[in-house]
Each structure stands twice: as structure tokens, then as C-alpha cells.
2 protein chains.
Amino acid sequence: MSGITTPQGFRAAGITAGIKASGKPDMALVVNDGPEYTAAAVFTSNRIVAAPVTLSRKNISNGVIRAVLFNSGNANACNGKPGLAEASELAERMAAALDIAPEDMGVCSTGIIGERLPMDIMRAGVDALPAALGIDQGDAAAEAIMTTDTVPKSAQVRRDGWSIGGMGKGVGMMAPALATMLVCLTTDAKISAAAAQEALKKAVDQTFNTLDIDGSTSTNDTVFLLANGASGIQPSQAELDAAVLEICADIADQLQADAEGVTKRVRIIVEGANSDAEALNAARALGRDNLFKCAMFGSDPNWGRVLAAIGTADAEMDPDNITVTFNGHVVCKETQGTPDAREVDLSGADIEVRVDLGLGGEGRALVRTTDLSHAYVEINSAYST
Amino acid sequence: MSGITTPQGFRAAGITAGIKASGKPDMALVVNDGPEYTAAAVFTSNRIVAAPVTLSRKNISNGVIRAVLFNSGNANACNGKPGLAEASELAERMAAALDIAPEDMGVCSTGIIGERLPMDIMRAGVDALPAALGIDQGDAAAEAIMTTDTVPKSAQVRRDGWSIGGMGKGVGMMAPALATMLVCLTTDAKISAAAAQEALKKAVDQTFNTLDIDGSTSTNDTVFLLANGASGIQPSQAELDAAVLEICADIADQLQADAEGVTKRVRIIVEGANSDAEALNAARALGRDNLFKCAMFGSDPNWGRVLAAIGTADAEMDPDNITVTFNGHVVCKETQGTPDAREVDLSGADIEVRVDLGLGGEGRALVRTTDLSHAYVEINSAYST
């Protein structure tokens with residue numbers, strides 16, 4: 001067993017309902033078979049949220065979710081009351097087929113915004129999903145939630161007697177690219193909803209929230225954590241935190257590597273700031289700067305663009321004492337270039353950029369981003385048409 | 001007479017000193033021959049500023065500037081104390097040649113960040129500039145400040161007995177692309193430094209500050225307004241404001257049209273907001289969103305991306321009552337797509353996007369941006385190398 005079906009007591013399914021013109025798999029289901037039905041979730045920070053986010057937020061308010069229904073190919077976003085009614089109808093139909101309460105369903109959609117769901121196709125998909133469920137169908141589910149992803153993403157973390165499984169799609173969180181980021185985690189650990197929420201929130205902050213591909217934030221981003229206690233093992237909060245962080249980091253790495261049009265993975269570390277929050281502002285300002293991202297695409301050690309971007313950030317800094325390091329080589333010290341700065345080799349696929357704001361503070365942050373390539377423009381200039 | 005030398009009592013020069021490897025013109029000078037030497041300026045908001053900005057800020061503090069020395073091909077940014085010393089040396093040398101006080105010089109540089117100025121070449125350039133001065137050399141000056149600009153930008157506004165002339169380069173202000181935005185305006189109106197500063201600040205806010213090509217902000221952005229009172233005419237503040245606004249709008253249009261890799265000019269208007277500031281936040285969030293900009297490049301009426309971007313803005317909105325209009329066609333009403341939304345023709349070079357945040361407020365803002373094209377990536381991925 002691997003991925004989302006690694007822990008005991010979870011089944012998954014992935015099928016081709018026909019939402020996508022490509023004929024690729026497009027509906028998935030994850031079912032928690034208990035004995036407990038504990039759930040936690042983190043949703044998009046966008047003010048405009050898709051119908052499935054509205055519905056899932058409502059349903060998870062009591063800390064219980066027994067199954068999550070996924071579809072790709074249509075985000076069911078910006079469809080108003082009809083969109084919410086249709087998300088609810090599909091959730092109720094799925095719940096009835098599984099013989100569970102409709103308010104114990106989670107729903108996640110990803111794909112184009114502003115198109116109504118193809119309801120006839122999806123009703124038939126809902127009806128077909130239960131027969132496809134299996135304890136070995138985690139990979140099928142991971143494949144069915146893909147949009148522009150080129151590979152499915154799944155991961156597992158095994159501990160003594162319990163485990164966490166997961167699947168994900170998309171490129172970024174709170175700032176994803178073209179498509180929504182959806183992640184579902186499962187565990188057979190025996191944990192409370194509060195413990196699950198605490199572990200998930202901390203892990204998301206340190207992993208998915210450090211991904212910033214293009215500064216865009218989806219209407220649909222959702223991360224679920226479902227727990228059933230089937231192992232009978234009750235990890236400490238610290239043990240749970242570590243395991244959830246480990247699997248989130250694994251999936252975040254996979255998302256970054258598959259981001260749209262990526263030729264470079266760029267890790268930005270800002271330090272010497274007055275606070276972690278200011279360091280994060282500075283790291284995000286750099287991670288979103290198109291000039292910097294184009295330079296990375298060109299393997300161009302143009303540290304001047306790093307300074308120009310950092311200087312715009314909402315963060316205190318010493319403008320005369322900024323240090324920039326590319327892949328361990330100091331290219332700028334006291335806000336001036338070093339003699340061999342232009343000779344640093346950035347031709348590899350992984351680039352680490354470190355910026356010290358020169359204040360001697362403890363504030364520190366990490367942001368993972370990517371280069372800005374021709375392929376990014378290509379993919380995103382002809383999406384809906 | 002046209003451009004910067006339109007008003008009486010100004011001379012300009014543009015020469016090839018040899019800073020640029022291309023052999024194109026790269027140094028310019030604008031001289032105010034009086035009788036008054038009033039000046040106003042607006043500088044970059046970047047925390048990290050180039051040496052010429054530091055020097056010009058100091059020199060303009062008394063409201064007097066008699067001449068401005070420009071160079072392209074090197075920004076003299078992030079060069080520390082040596083960079084400032086070199087900017088000062090060139091200003092002093094120029095002032096001596098013009099027989100004016102060194103503290104009455106303005107200096108503007110644009111080009112690559114972090115390279116020291118080629119001082120021998122530039123000293124010779126300074127020595128050659130006075131002989132090139134002429135009341136018909138405005139176009140030569142405008143050409144000598146270009147970097148990746150494909151055409152020189154100049155403009156003039158004529159009033160009864162007085163005029164304003166101007167030149168500019170670059171693409172954006174407070175958020176320019178690859179290169180710095182530099183603008184110099186001249187007028188023979190008789191105005192105080194306070195009146196000049198008021199008119200300039202207001203005009204910059206309504207023109208250059210609405211340009212947002214890629215969210216990047218240069219270390220060197222500078223807008224100068226020089227006034228000599230040679231016409232003897234003293235316009236009212238309202239007359240001055242209107243004329244300065246008109247010439248700034250003209251140059252801003254030229255900058256937007258020549259932005260790097262542009263195939264589309266996009267005007268974003270946000271209305272129905274609680275305040276102008278919140279409307280501006282929302283317009284900027286959209287104008288900087290790469291997914292939206294790629295869709296514009298592809299002439300793709302993907303209004304879902306407009307909503308996804310607007311929803312991330314720091315602005316109050318009614319998430320269920322947002323209206324989006326492309327080129328006058330309503331594509332989204334009450335946060336839902338209209339039936340023919342995907343059929344809107346965006347194939348032209350100019351696209352207007354209007355977003356109503358649905359609060360019924362008076363808050364309104366305009367941002368001019370561009371699409372994100374293959375050419376942008378091409379130009380910016382191989383700049384310093």
C-alpha cells in the first residue's frame with residue numbers, strides 16, 4: 001500500500017467520469033472506514049472562494065469528515081448559488097451511496113473557473129465511484145485529481161505501528177499557479193480534531209505556504225487531514241507534528257518540482273531580519289519578482305535584481321549592509337558586488353539564494369519558488385480557449 | 001523646437017561617450033539657462049537607492065537645480081561609498097564646466113546594477129557635453145537616455161506664451177520593468193518650487209504611478225521638473241497642474257506602449273470600492289498577476305483569473321456581487337459568468353478591464369499594465385550576461 005491508502009482503514013477510488021475532454025481520470029473519492037472520523041483542514045485565503053470550499057468549511061466545523069469527493073477539470077468557482085446547490089447535490093448523492101450523513105462529506109474541485117459543473121456526467125461518476133473503491137487505489141485517486149500536473153503526487157510516512165498517507169495536485173498554496181492546490185492526508189493514528197488541526201496548520205505554514213510560484217492564489221485551495229484511530233496508537237503532539245510536517249514537505253517538494261513551465265527550483269532564505277514576518281515579506285517580494293525569476297531562467301547571477309526586489313519589501317533592512325549569496329557564493333556584501341559575482345554557476349536545476357538584511361536580527365524565512373520560463377507563458381496564455 | 005527643449009531658456013545635449021558596448025548614445029545633459037532655477041522631483045520608493053538618487057535628493061533639497069546630467073548603460077546602484085563618490089565627482093566636473101555650483105546639479109543613471117561606472121570614459125563624456133549643447137538637441141538627449149527602449153520618448157505641451165517639454169525612458173514608475181524610469185520635464189513658466197512640487201506629485205500619482213508592468217521597482221527612478229520663468233508668465237496652480245498632468249500622461253502612454261515584450265496595453269479600472277486606496281490595491285493585485293497577464297497575451301477572456309486575482313487584494317469587496325467587464329462587455333455579473341463571456345474579442349492591442357467590487361462605494365482607481373509575453377521572458381532572462 002502507498003499514498004493515501006497507506007494507513008489502515010482508508011479506501012480510495014479514481015475514475016474517468018468524462019468531465020475532461022481529454023478522457024483522462026477526473027473524479028476521485030477517499031473514504032475513512034473508522035472507527036473514528038476525525039478531520040482537520042486548511043483552506044485558501046482568497047476572499048472569493050469556490051462552492052466546494054464553502055461547503056467543506058461548513059461540513060468540517062464539527063471536526064468530523066468521513067469521505068471526500070474530488071473532481072478535476074472544473075473548479076465550480078464563481079458559479080453563485082447554483083454552483084453551491086450543485087456541489088451540495090453531489091455531496092448528498094455520494095453520502096447516500098456510502099450510507100453516511102451528507103454533512104460528513106468533504107468536497108474538492110479543481111479546473112477552470114466560471115463554468116458550471118457537467119451534472120449528468122458527475123452524477124453518473126458519483127454512482128460509479130463506490131464500486132471502484134479499494135485499499136490499493138490510492139494511486140488511481142492521485143491520478144484523477146491532476147490538472148496540468150505532469151505526474152501524480154503521493155507520499156507516505158511510516159511510524160512504528162501507524163502511518164500517514166497523502167496525495168496532492170497543483171503548484172503552490174496561498175499562491176498557486178494556474179490550478180488549485182488540493183492535498184488530502186490520511187492517518188490511522190488516534191488523534192483529536194484539535195491535535196490534527198494544530199499539526200496540520202503548523203505543517204502547512206512551513207511547507208505549502210512557503211511555495212510561491214507566481215503570487216496567484218486559487219479560489220479552491222484545500223488541505224484535508226483525515227484520521228481514524230485504526231492503529232490504536234496515540235502519538236504525542238510532537239510526534240504527530242513531525243510526521244505531518246514530513247509528509248507535507250515531501251508533497252510540497254513534488255509540487256514545486258512539477259510547477260508549470262519550471263526549469264529551476266529556487267530556494268530563497270532571508271535572514272538577519274527584525275522578525276520572521278518581515279523576513280517572509282522580503283522573501284515573498286523576491287520570490288514574486290518577475291525580473292529575478294527571468295534571471296533565474298537564464299542562469300544569470302544578476303544579484304542587482306535581488307537587491308531591487310528586496311528593497312521594495314515591507315521589511316526593515318540596512319540598505320548599506322545587505323549580503324546576497326547564490327549557491328553558497330557571496331555575490332554581494334555590504335550592498336556591493338563581489339569581484340567574481342558574475343562568475344557564479346547557476347546552470348543547475350536547483351538554486352539557493354540567501355539574503356541577509358543586515359540588521360543582525362533573528363528573523364528568518366524560507367520561500368520556495370521557480371523560474372519564469374517560456375513554457376510558463378505558453379501554458380498560461382491559452383488555458384480557457 | 002520639441003521635447004525637452006520646447007520651452008525657452010533650456011539647452012540639451014546627447015552624445016556617445018562609450019559606456020554602452022553597442023556604441024549608441026549614452027550621456028545627456030539638460031541645462032536651465034534661467035533666469036530662475038526652480039526644481040521639483042519625485043524619486044523611487046525603493047529602500048535601496050542608487051548613488052545618483054542619493055545625490056539628487058540632497059541637491060534638490062533647497063528647490064534649486066540648474067542642470068541634470070544623465071547616463072545610460074550603468075545604473076551606478078549598489079556600488080556603496082565609491083559609487084556615491086564617483087557620482088559626486090562627475091557632478092562636480094560637470095558643474096565646473098558649466099560654471100555653476102556643484103550642489104545645483106541633478107544626476108540620473110540607468111542601466112545595469114552593481115557595476116562601477118567607467119570613470120575615464122565618463123569624465124571624457126562630461127568634458128564633451130557642453131560643446132554639444134543646443135536649443136535644438138532635445139531629441140538627441142532623449143535618445144541618449146534609452147536602455148531597452150525601442151524608441152525615444154519626448155513630448156511637449158504648449159500654452160499661450162509658455163510651454164512644458166519632456167523626455168522619458170523606461171517602463172513603469174514605482175514598478176518599472178528591467179530598467180529604471182527616468183523623466184525630465186522643463187518649463188518656462190514662472191512658478192515656485194512648492195507649486196512645481198505640488199503639480200509634479202499630483203501628476204506622477206495619476207500617470208507614472210498607475211503604470212505597473214511587472215511589480216518590480218527600480219533603485220533609480222527619478223522624475224525632474226525644472227522651471228526658469230523665462231516666459232514671464234505665472235500660471236495658476238490649476239493651470240500648472242493641468243499642463244504637467246497632460247505631459248506626464250503623454251509620456252506615460254509612450255512608456256506603456258514600449259514596455260518590454262509588450263503585445264497588449266491593458267487598462268484596469270476598479271470601482272465600487274470603499275476607498276480609492278482599496279481600489280488601487282485591487283487594481284495592482286490584478287495588474288501584477290502573471291496568470292491574468294498571460295491570459296491577456298493569449299487574448300483569452302478568462303475572467304475567472306480576474307476574480308482569483310482580485311480576491312487576494314487587500315480591499316473590502318462583496319464576494320457575491322463582483323462585476324467584470326472586458327472592452328465594455330459584461331463577462332461576469334454577481335460573481336458569475338455571463339452566457340457569452342468566452343466570446344468577447346480581445347485580439348486587439350488595447351484591452352480595458354473594469355472590475356466593480358460590488359460595495360456601491362465611490363472608491364476608484366486606474367492601473368495601466370501590459371501582457372506577459374514570450375519576449376518579456378526572452379529580454380529579461382539574459383540581461384547581465
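Author: Two strands pair if DSSP finds at least two bridges between them. Helices (H or I, at least four residues) and strands (E, at least two) are themselves DSSP runs, numbered from the N terminus. The model is predicted, so local features need pLDDT of at least 70 and side-chain atom pairs count only at pLDDT 80 or more, while totals for chains, interfaces and linings use all residues. Side-chain values use heavy atoms, with hydrogens and water left out; residues are numbered from 1 along each chain as its sequence is written, and chains are lettered from A and ligands numbered from 1 in the order in which they are written.

Reader: What joins strand 11 of chain B to strand 14 of chain B?

Author: The two strands, strand 14 covering residues 350-356, run antiparallel and are joined by 4 bridges, so they also count as paired. Here Thr325(B) stands opposite Arg354(B), and Thr323(B) has Asp356(B) as its bridge partner.

Reader: Which strands of chain B make up the open sheet, and in what order?

Author: The order is 13-12-11-14-10-15, an open sheet of 6 strands with mixed pairing. Strand 13 (336-337) and strand 15 (361-370) are the edge strands, since each pairs on one side only.

Reader: Is Asn327(B) buried, partly exposed or exposed?

Author: Its relative accessibility is 30%, and therefore Asn327(B) counts as partly exposed. It is found in the loop between strand 11 and strand 12 of chain B, a hairpin with 2 residues between the strands. Asn327(B) is not a glycine, yet its phi is positive, at about 50 degrees. Most residues other than glycine have a negative phi, and most peptide bonds are trans.

Reader: Where does Asp99(A) lie, and why does Asp99(A) count as it does for accessibility?

Author: Asp99(A) belongs to the loop between helix 2 and strand 5 (105-112) of chain A. Because its relative accessibility is 69%, Asp99(A) counts as exposed. Its phi, near 60 degrees, is again positive in a residue other than glycine.

Reader: Which form does the peptide bond from Gly34(A) to Pro35(A) take?

Author: That bond is cis, with omega near 15 degrees, and Pro35(A) is placed in the loop between strand 2 (27-32) and strand 3 (38-43) of chain A. In chain B, a cis peptide bond joins Gly34(B) and Pro35(B), with omega about 15 degrees.

Reader: How do helix 2 of chain A and helix 3 of chain A pack?

Author: Helix 2 (residues 80-98) and helix 3 (residues 119-132) of chain A have axes 9 Å apart at an angle of about 20 degrees. The contact comprises 8 nonpolar, no polar and 5 charged residues.

Reader: Why is Asn71(B) classed as it is for accessibility?

Author: Asn71(B), in strand 4 (residues 67-74) of chain B, has 3% relative accessibility and therefore counts as buried. Leaving aside neighbours within four places in sequence, its contacts (heavy atoms within 4.5 Å) include Ile19(B), Cys108(B) and Leu117(B).

Reader: What is the accessibility class of Leu280(B)?

Author: Leu280(B), in helix 7 (residues 276-287) of chain B, is at 28% and so counts as partly exposed. Beyond neighbours within four places in sequence, Leu280(B) is in contact with Ala365(B), Leu366(B) and Val367(B). Leu280(B) and Ala365(B) are 85 residues apart in sequence, but 5.0 Å apart in space, C-alpha to C-alpha.

Terms used. Axes are lines fitted to C-alpha atoms, for helices over the stretch in contact, and angles run from 0 to 180 degrees between N-to-C directions. Ala, Val, Leu, Ile, Met, Phe, Trp, Tyr, Cys and Pro count as nonpolar, Asp, Glu, Lys and Arg as charged, and the others, Gly among them, as polar. Buried means under 20% relative accessible area, exposed over 50%, partly exposed in between (1.4 Å probe, protein chains only).
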